[in-house]
Amino acid sequence: MNCGRCIADLAALVRPYPTTRLPDYPTRTEGTAIPTRVILDTDIGTDVDDCLALALLLGSPELELAGVTCVYGDVRLRARMVLKLLALRGMTDVPVLAGVEQPLLGRVPVYWAGHEGAGLLEPADEALAPAPEHAVDFIVRAVMEGPEPLHLIAVGPLTNVALAFLREPRLAGRLAGLTIMGGAMRGPEAAHLPLVEHNFRCDPEAAAIVLAAGAPTVLVPLDVTTRVVVRREGAARIRAGGTPFHAAVAEQLERYPRFRDQGRTFLHDPLAVAAVIQPDLVRLTDLHVDVETGGRHTAGASLMLTPTADAPANARVALGVDAARFEAFFLERAAAAQG
Ligand SMILES: [Ca+2]
């Protein structure tokens, strides 16, 4: 099967928007009383940063969580993790939905680290179950039928989001914004970064479809997320928040192998959430972004170019970050008392 050909055909399906609609930043007015309604699409459990992103989101009054959709691998286990964390926060009315388990074409085996849920879920939590609706159906319904535009924050492989765009071609035009943690530009000071970022590598075809969909997209790539970290004193500060929720988040952080071994880990996904709350924490550059779907070493690589008439801007890409200010902001919110 010529996968390159079929993906070109798929991508053509989601190019009905000849003019790119990039968001006007900042999208939020400082001090506004009306929160931005968001859906978080997550592969929580593989890297602890999804859990940290949820803690940042829940500690931020500027955002209202309309739902959490889980993607990639054991999505029911991921959903149980979300449900447990929300319950510890006293939130039992947020829809949590299981989505797609396999990458679109299934060419790349699902990466499963094996520690997912450890230290958080107990035997009784087997009873926690996501809502019966499929995550892709929920995204389409919530965005198309909701009373106001929704912002989608995608911090996992993009399979759910790609299928939602294919299922409802008007979706991209209805979204208030789409903020993605993914990709890597790998500029002159970033040759140490992997050729392909994890979320894009896990489902290159999904990433290609999403970047071509015409949504008002902000991309938060490895180039900036590897400049922001949480350290042991940060874990202690989150724990000092003093509730079972804070203890669970700190426990997940301290158990995460990279953090346990190195005493620090990257804040990839929280930076994407922060870019929605306080856009001036990052420096955004309008670029044309394609995703490689072939290649022996580069399937899933993000190809970023200065926009031209033939290749217009389709994403605002975070190429700079105020790391110290963001790290302080993250800890303040993740350790915040429950509202
Ligand atoms: Ca993630």
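Strand S5 and strand S6 (residues 217–220) run parallel and are joined by 4 bridges. Helices (H or I, at least four residues) and strands (E, at least two) are DSSP runs, numbered from the N terminus. The model is a predicted one, in which local features need pLDDT of at least 70 and side-chain atom pairs count only at pLDDT 80 or more, while totals for chains, interfaces and linings use all residues. Residues are numbered from 1 along each chain as its sequence is written.

A residue is called buried if 20 or more other C-beta atoms lie within 10 Å of its own, exposed if 12 or fewer, and partly exposed in between, with C-beta atoms placed from the backbone. By this count 5 of the 5 residues of S5 are buried, so the strand is largely enclosed by the rest of the structure. Both of its faces are covered, with Gly177, Thr179 and Met181 buried on one side and Leu178 and Ile180 buried on the other.

These strands belong to an open sheet of 9 strands with mixed pairing, in the order S3-S2-S1-S4-S5-S6-S11-S9-S10. Its edge strands are S3 (96–98) and S10 (302–305), each of which pairs on one side only. Two strands pair if DSSP finds at least two bridges between them. On average, neighbouring strands of this sheet are turned by 30° against each other, direction ignored.

S9 (residues 282–291) and S11 (residues 315–321) run antiparallel and are joined by 6 bridges. Leucine 284 has alanine 318 in S11 as its bridge partner. Helix H8 (residues 204–211) packs on the sheet, where it touches S9 and S11, and its direction makes about 115° with that of S9. Axes are lines fitted to C-alpha atoms, for helices over the stretch in contact, and angles run from 0 to 180 degrees between N-to-C directions. S9 also runs antiparallel to S10, with 4 bridges joining them, and histidine 288 stands opposite leucine 305 in S10. The loop between S9 and S10 holds glycine 295. Glycine 295 is partly exposed because it has 13 other C-beta atoms within 10 Å. Its C-alpha atom is separated by 34 Å from that of phenylalanine 138, 157 residues apart along the chain.

Phenylalanine 138 is one of the buried residues of helix H4 (residues 135–145), together with Ala135, Val136, Ile139, Ala142 and Val143. Seen down the axis of H4, the buried residues fall within an arc of 160°, so they line one face of the helix. The arc is that of the directions from the helix axis to the C-beta atoms. These residues pack against S1 (36–42), S2 (63–70), S3, S4 (151–154), helix H5 (159–167) and helix H6 (171–174).

The next topic is the nonpolar core. Such a core is a set of buried Ala, Val, Leu, Ile, Met, Phe, Trp, Tyr and Cys residues joined through C-beta atoms within 7 Å. The largest one has 113 residues, and those with the most contacts inside it are Leu52 and Val220. Helix H2 (residues 49–58) supplies its largest share, 8 residues. H2 is mostly covered, as 10 of its 10 residues are buried. Two residues are in contact if their C-beta atoms, placed from the backbone, lie within 7 Å. Leaving aside residues up to four places away in sequence, valine 220 touches Thr179, Ile180, Met181, Thr225, Leu271, Ala272, Ala275, Val282 and Ala318.

Two loop residues have a particular backbone angle. Most residues other than glycine have a negative phi. Tyrosine 72, although not a glycine, has a positive phi of about 80°. Tyrosine 72 is placed in the loop between S2 and helix H3 (75–88), and is buried because 29 other C-beta atoms lie within 10 Å. Arginine 186 has a positive phi of about 55° and is not a glycine either. It lies in the loop between S5 (177–181) and helix H7 (198–202), and counts as buried because it has 20 C-beta neighbours inside 10 Å.

Last comes confidence: pLDDT is the predictor's confidence in each residue, from 0 to 100. The chain has a mean pLDDT of 92, and 90% of its residues reach 70 or more. Over residues 13–19 the pLDDT is below 50, and this stretch has 12 contacts in the model beyond near neighbours in sequence. Where pLDDT is low, the predicted coordinates should not be read in detail.
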